[in-house]
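This report walks through a two-chain model for a reader who has not seen it before. Please keep the sequence and the structure at hand while reading.

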Amino acid sequence: MLFLSKKQDWLGNIRGDVLAGLVVALALIPEAIAFSIIAGVDPKVGLYASFCIAVITAFVGGRPGMISAATGAMALLMVTLVKDHGLQYLLAATLLTGVLQIISGYLKLGSLMSFVSRSVVTGFVNALAILIFMAQLPELTHVTWHVYAMTAGGLAIIYLFPYLPVIGKSLPSPLVCIIVLTGIAIYWQLDIRTVGDMGELPDTLPIFLWPEVPLTWDTLKIIAPYSIPLAVVGMLESLMTATIIDDLTDTPSDKNRECKGQGLANIGAGLLGGMAGCAMIGQSVINIKSGGRGRLSTLIAGSFLLIMVVFLDEWISKIPMAALVSVMIMVSIGTFSWSSIVNLKQHPVSTNVVMVATVIVVVWTHNLAFGVFVGVLLASLFFANKISHFMYVESELDEANSIRTYRVIGQIFFNSSGKFIAAFDFKEAVDKVVIDLHRAHFWDITSVTALDKAVIKFRREGADVELIGMNEATATIVDRFGIHDKPEEIEKVMGGH
Amino acid sequence: MNTNTNRVLACIDGSSLTEAVCDYAAWIAQRVDAPLKLLHVIDHHPETAATLDLSGNIGLGSQEHLLEELTAVEQQRSKLRLQQGKLLLQAAKDRVIQAGIADPDSNQRHGSLVESLIELEESIRVLVIGIRGKAHENRPDKIGAKLESIIRSLHKPILVVNDTFKAPQHIMIAYDGSKATEKAIDMVAISPLYKGLTCHLVNVSKDDAATEQLLEAAVSKLKNAGGIEVTTKKLQGKPDQALCEYQDKHDIDMIVMGAFSHTRLHDLLLGSFTAKMLMNAKKPLLLLR
């Protein structure tokens, strides 16, 4: 299954895929290099990873046309591991990440994405953009004015070059930016940092390496705390990117296969001396924009990247960091969801709070998983709160017989139980209390306990209590909830609403 | 397949065979007294990019912008195709009404032809389809790219039209005694489609005694059904060539046979009899699956 793909996924769009693949490869290099440096390893670790992940996901990924490689989101999670234990442990952690992702693919955890609401996704994307931007700052602090001028010039080329007639739309402006800035730096022999200063570049094709770590319990204890967040963040970003590409291309993708594919790709990366990676939002959007749709585009991007860095390593090492910073700032700006800012005014406050909280937590912790966790939690709380408003109690008094009848209507669960109890007047002296639950729905044990409490209280006041419609009301506390997807089932459970 | 809610489904795409497809569909619908439905499928190609922009940069709001742009392009394309499809369907409808069908249905669907047909399979009694679509219109040496997938994935009778309409008088059943053709004989025997036609039961093989028996059994089945005039013939040589020659000589208007009883792998290695017949036959083939 994992290797099956339709012919049209590969050959349906050859021209577009090849050209887009070439364009995307150019946007992969800066991210791989920049984030290798941030993770504290040689650029070749990121570049090998990008090659490996892109090529493997081309075959086994669940979303044709999506670009996966070494990413910033993942690199930020491994900084301390590399600092404390070195590269070999990073490779081992990468392998474990892959294994975890494959397992979650088989457990179909991809479907858990339905709990991640739109505002959490937006928050994630915005946080990612901010992280990518912040990662460029070290290259822009304590440097001469040349670097600022180069970066500004680079951005100007990237955004203005496409407006040129004829060549504007046929030459990738990031490539033009890199070539022009490299030319300037060499011509004037500027003393600014270049890629070559940042560490070793690949000079051969990647070779098979088993990480040199002892296969012990201790090793597992060291790498697991890194592998688990890596696996989670990798899947989150990949699945979110897949959703974005689904929307852009109006085609479906296989989310569980994507999880497995990411896992396999990470195992491949770990065995070839690369770091863990995942799908990239910015580069995938560039791919679609450039006309890439099929698996071929991802394969070309990965292969072309490796060919370039292996055979042009002399030239690559001369690229000034300022050029890569410009490209990465572009990726960051393009990743940012601009409409989320525009929509802040129209969206409900709770949605905005979820989005902003997600962003703040991520930027604070540099861990996208924490941000998503907080976002999902907040969103669920807001949802529970909203639902608890759908409950009211009406009552009437039969003075002659001294009977008070309460009719409970709506959703009763942990959050609305307090409101439920408060609706009863325990101080009223009546002989009999009837609680009509025909149109009430008890969702959990808290609500049942609340009802018990109310009954006991009335009895202590000396009233007889009669419950009507108890069976219908509690039908909703079916753990392992039956599927209520037929009209008559819904009617039974939600009757009267 | 005998319930009357099942329809004769004619697939039209505006190629030169469309008119013949309509005529044959009308002919079948009238003979078996089933409603006729005309289908036009708008095949989208989401795997192909509509626009090519190699500027390679993304900026503020480029995701939203890109979505807007791609949607606009596709909307325009789909609208155009929708319009063309409607015209085609109208023309086809007029044609079958003239041929005497009282109230033909027409249907337009998005998606790939194979998938659409699989979704509709339950309501199909007979599928009528041209041997090649618009893409291969001027390539008499090719059969339609999706035809084999369609035949393989549907389990309903399929009439593959490859010539202008001529009301069949003489039909030929290619019979080899296999389970598939055995079933085909049963279907021919009970269907009102073949009443009053001359039926040539043709067998190509070498083994005489066994085939004799098979043919006899088949003939008696057809004769018992009544209304079908049967002649039998044994031929020698390569089945596809022998059958096509026989068809020429005896003025056969339609060939009835089983189809693709082997797996794709088998056919890939040894060649498929059905594929050869599709290539070589000059008259419509009714494939019974």
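## The sheet of chain B

In chain B, 10 strands form an open sheet in the order 3-2-1-4-5-10-9-6-7-8, and the pairing is mixed. The edge strands are strand 3 and strand 8 (229–235) of chain B, each of which pairs on one side only. Neighbouring strands of this sheet are turned by 25° against each other on average, direction ignored. Here, helices (H or I, at least four residues) and strands (E, at least two) are DSSP runs, numbered from the N terminus, and two strands pair if DSSP finds at least two bridges between them. Axes are lines fitted to C-alpha atoms, for helices over the stretch in contact, and angles run from 0 to 180 degrees between N-to-C directions.

The model is predicted, so local features need pLDDT of at least 70 and side-chain atom pairs count only at pLDDT 80 or more, while totals for chains, interfaces and linings use all residues. Residues are numbered from 1 along each chain as its sequence is written, and chains are lettered from A and ligands numbered from 1 in the order in which they are written.

## Parallel strands and crossovers in chain B

Strand 1 (residues 7–11) and strand 2 of chain B run parallel and are joined by 4 bridges, with K37(B) in strand 2 as the bridge partner of L9(B). Between these two strands the chain passes through helix 1 (residues 18–32) of chain B, and this β-α-β crossover is right-handed; the term applies if, with the strands pointing away from the viewer, the path from the first strand over the helix to the second runs clockwise. Strand 2 (residues 36–42) of chain B is mostly covered, since 6 of its 7 residues are buried. A residue is buried if 20 or more other C-beta atoms lie within 10 Å of its own, exposed if 12 or fewer, and partly exposed in between, with C-beta atoms placed from the backbone.

Strand 2 of chain B also pairs in the parallel sense with strand 3 (residues 105–110) of chain B, over 6 bridges, and I42(B) has H110(B) in strand 3 as its bridge partner. Together with helix 2 (residues 62–98) of chain B, strand 2 and strand 3 make a right-handed β-α-β unit. Elsewhere in chain B, strand 4 (residues 124–130) and strand 5 (residues 158–161) run parallel and are joined by 4 bridges, where I129(B) is partnered by V160(B) in strand 5.

## Chain A as a whole

Chain A holds 22 helices and 6 strands, and its C-alpha atoms fill a box of roughly 105 × 50 × 45 Å, taken along the principal axes. Of the 497 residues in chain A, buried residues make up 50%. Among contacts in chain A between residues at least 6 apart in sequence, 84% join residues at least 24 apart; two residues are in contact if their C-beta atoms, placed from the backbone, lie within 7 Å.

Helix 15 (residues 321–335) of chain A has 15 residues and reaches 21 Å from its first C-alpha to its last, close to the 21 Å expected at 1.5 Å a residue, where the expected span is 1.5 Å times one less than the number of residues. Because 14 of its 15 residues are buried, helix 15 of chain A is largely enclosed by the rest of the structure.

## The sheet of chain A

In chain A, 4 strands form an open sheet in the order 3-4-5-6, with mixed pairing. Strand 3 (391–398) and strand 6 (464–468) of chain A stand at the edges, each with a single partner strand, so one side of each is left without a neighbour in the sheet. The twist averages 15° from one strand to the next.

Strand 3 and strand 4 (residues 403–412) of chain A pair in the antiparallel sense over 8 bridges. Across this pairing, S395(A) stands opposite Y406(A), and Y392(A) stands opposite I409(A).

## Two lysines of chain A

K427(A) lies in the loop between helix 19 (417–422) and strand 5 (432–442) of chain A, and K427(A) is exposed, with 6 other C-beta atoms within 10 Å. K457(A), in helix 20 (residues 445–460) of chain A, is partly exposed, with 15 other C-beta atoms within 10 Å. The C-alpha atoms of K457(A) and K427(A), 30 residues apart along the chain, are separated by 9.8 Å.

## Where the chains meet

The contact takes 22 residues from chain B and 41 residues from chain A. On the side of chain B that touches chain A, the residues divide into 9 nonpolar, 10 polar and 3 charged. In this division Ala, Val, Leu, Ile, Met, Phe, Trp, Tyr, Cys and Pro count as nonpolar, Asp, Glu, Lys and Arg as charged, and the others, Gly among them, as polar.
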